[in-house]
Amino acid sequence: MIRSLASLVLASLVTLTGRAQTYDLVIRGGLIIDGSGRPAQRADVAVQDGRIAAIGKITSPGRAEIDAAGHAVAPGFIDVHTHSEDIADLPVAENFLRMGVTTIVTGNCGGSTLNVAEFFATLTRTGVAVNVATLIGHNTVRLKIMGGSFARPPTAAELDQMRKLVDQAMRDGAVGLSTGLIYLPGTFARTDEIVALAKVASSHGGIYASHMRYEDIRIREALDELTTVAREARIPAEVSHLKLSGPTAWGRAEEIIAYLDAARASGLQITHDQYAYTASSTGIGANLIEAEFREGGAKRYRERLADPATKARMVAAMKKSIVEEKRGDYTFAVIANFKPDPRANGLTVPQAAKLFRGSDTLDDQIETILEIEARGGAQGVFHGMSEDDLRKFLAQPFTMVASDAGPRKFGDAVPHPRGYGNNARVLSRYVREQKLIAIEEAVRKMTSLPAQTFQLKNRGELRPGFVADIVIFDPEKVTDPSTFSDPHHYAEGFTDIIVNGTPVIRAGQLTEARPGRPVRLNE
Ligand SMILES: [Zn+2]
C-alpha cells in the first residue's frame, strides 16, 4: 500500500494515464518547499515527461534518482528582472543556475530585443540552459520609431507605429511592456505616451514593469506616474528594483509601503521586485549626468562637452545634485566596467580621478565622469541605499526577489555581485542569519509570486502537472561569496538544478544539457 502524507499527497503513484510506472526522475527524502508559502514538509517528487508527476511517498523507481535528504527541494527560481538580451552568447548562464534561477524575464528597464519572434527562434536554435521570457522595451520601440530625435513627444503617426511594434511583440509572446524612465530616449516620454503603449500590452493581458522616473527624494511623483499608467491602461504594474536611492530619501520605506498598499486597496494590481543589496548598478553617465546633456547620441554629447558654456552648465548641474543629495563627493560611485581602460574597474570615482588626473578634488571627479562618458561610457556600481529600507521592502508580501543582472562572463570586469549571489544572499543573510522572513516565504517570493505576476503558467510551484523546474539546495550551507570587490564567485549550496525535467546541474556539476526554452505569455 501507498503510505501517503495526507496533507501533501497531491497525486498518487498512478499516473494520469492510469498505470503504475518507472518515472524519469525521482527526488527522494527532501524537504519540500513548494513555492506556495505553505509550511515545508518531507516528501519525494516524481518527474515524468518534463512535468511533476507526483509528490508524496513514491515507491516506484526512477530511471534517475536523487537523494535529497537534508536538502530543500523547491521550484526553480524565477528572476523577473534581468538584462539578458545576450543570453544566446552565454547560453549556460551559469551565474543564474548556480543561485537557483531556472527562468529569467529579460527586456527590463525599457531595453529589449525589438523582434521577439526572432529572439525566441534564436534561443530555440542555439539552446539555452534556462527558460527565457521577455518584455518589450519602451526605449527600444521609441528609438526605432523616433530615431535620433528624442526630446519631444511622438507625432500621432509615430505613436501609432510604436503601438504596432508593442502589439507585434505581444503577439510574439512578450509578457508585457517595460519602461526605463531615467534612460534615453524614454526619459523624454510623457505619461500619456506610456499609457497609450501600456493599453496595447494590457489588451493582450500583459504587465507593465517600470524602472521609474525617480527612485530618490522624488519617488512619490514617480509612483503617481506608475499608478496613473496602471489605472488608465487597466494593467497590472510592477515597480522594478524598488529602492530609496540617496541619503535624502532614506528612512521612507514605511511611507512608500503605505502608498503601495493604498494603491492595491483602491483596486490596482501593484507588485514590486528587489535585489538584496544596498548598491545599484547602471551606466555611470545615465546615473550621474543629466539626460539633457546626453540626448542625441555620443557625438552631440562630445560637442556639448567641447563648448565651454554648455560644459559649465553640466558641471554646475552635477555639483548641485551632489549637494542636494548630501553625498559630499562621488565616493559612492564605483566603476564596474570601463572597456577603454580596465585599470579603472573596481575603483571609486575619486580613485579613478587620482589615476587619470593625479587629483581627486570634486572638480577632478566630475572631469573624470565626463571624460569616461566621452570615451564611450562605463558601467557603474552605486552605494546608495539604506539597509533598514531594504529589509522593510523585502519583508513585504508583494515584493519578489530579482537580480537586475544578466548572464555573467566569468572573470570579466568588476560587476555588481547581484548577478552571482542575489537569491543565495536572501536565503543565507535574510532567512538563515537574520530571520527576517521564513524560508517558505522567501521561496514564494522567488517562485509562485513571480510566476503569477508575470503569468508564466504552470511554473513557480511544485505541484503535479506543473513544469519540472526544480532546485535542490542545503538551507544551512547556501551562501553568496560574491562581493563588490571580488564578485566572480558562484553561489554555493545548490546541488541540483532541473529545468523542464532535465538536470542542468547534477551533484554540483554542470551537465551539458540546455533544456531551457522561450516562455511566452500565458503559454
Ligand atoms: Zn532598471
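A residue counts as exposed when its relative accessible area is over 50%, and as buried when that value is under 20%. With this in mind, and remembering that the model is predicted, select Ala-507, which at 52% relative accessibility counts as exposed. Ala-507 sits in the loop between strand 20 (502-506) and strand 21 (509-510), and its phi is positive, about 50 degrees, although the residue is not a glycine.

Next, select Ala-93, another residue other than glycine with a positive phi, here near 45 degrees. Ala-93 belongs to the loop between strand 6 (77-79) and helix 1 (94-97) and, at 4% relative accessibility, counts as buried.

Now turn to the zinc ion, and display Cys-109 (SG), His-211 (ND1) and His-241 (NE2), which coordinate the ion at 2.0 to 2.2 Å. Of the two histidines, His-211 lies in strand 11 (residues 207-211), while His-241, 30 residues apart from it, lies in the loop between strand 12 (237-239) and helix 7 (253-265), so that the pair links distant parts of the chain. His-211 is buried at 5% relative accessibility, and His-241 is buried at 1%.

Move on to the peptide bond between Leu-184 and Pro-185, which is cis, with omega about -5 degrees; Pro-185 is found in the loop between strand 10 (176-180) and helix 5 (191-203).

Finally, select helix 12 (residues 349-357), where Val-349, Pro-350, Ala-352 and Ala-353 are buried. Viewed down the axis of helix 12, the buried residues fall within an arc of 155 degrees, and therefore line one face of the helix. Their cover includes strand 15 (333-337) and helix 13 (362-374). Just after helix 12, Gly-358 has a positive phi of about 75 degrees.

Note on methods:
Residues numbered from 1 in each chain as written. Predicted model: local features only at pLDDT ≥ 70, side-chain atom pairs only at ≥ 80, totals over all residues. Heavy atoms only, no water. Buried < 20%, exposed > 50% of the residue type's maximum accessible area, 1.4 Å probe, protein only. Helix = DSSP H or I, 4+ residues; strand = E, 2+ residues; numbered from the N terminus. Arc of directions from axis to C-beta. Contact = heavy atoms within 4.5 Å. Donors = N, O, S within 2.8 Å, 3.2 Å for Na, K, Ca; no water.
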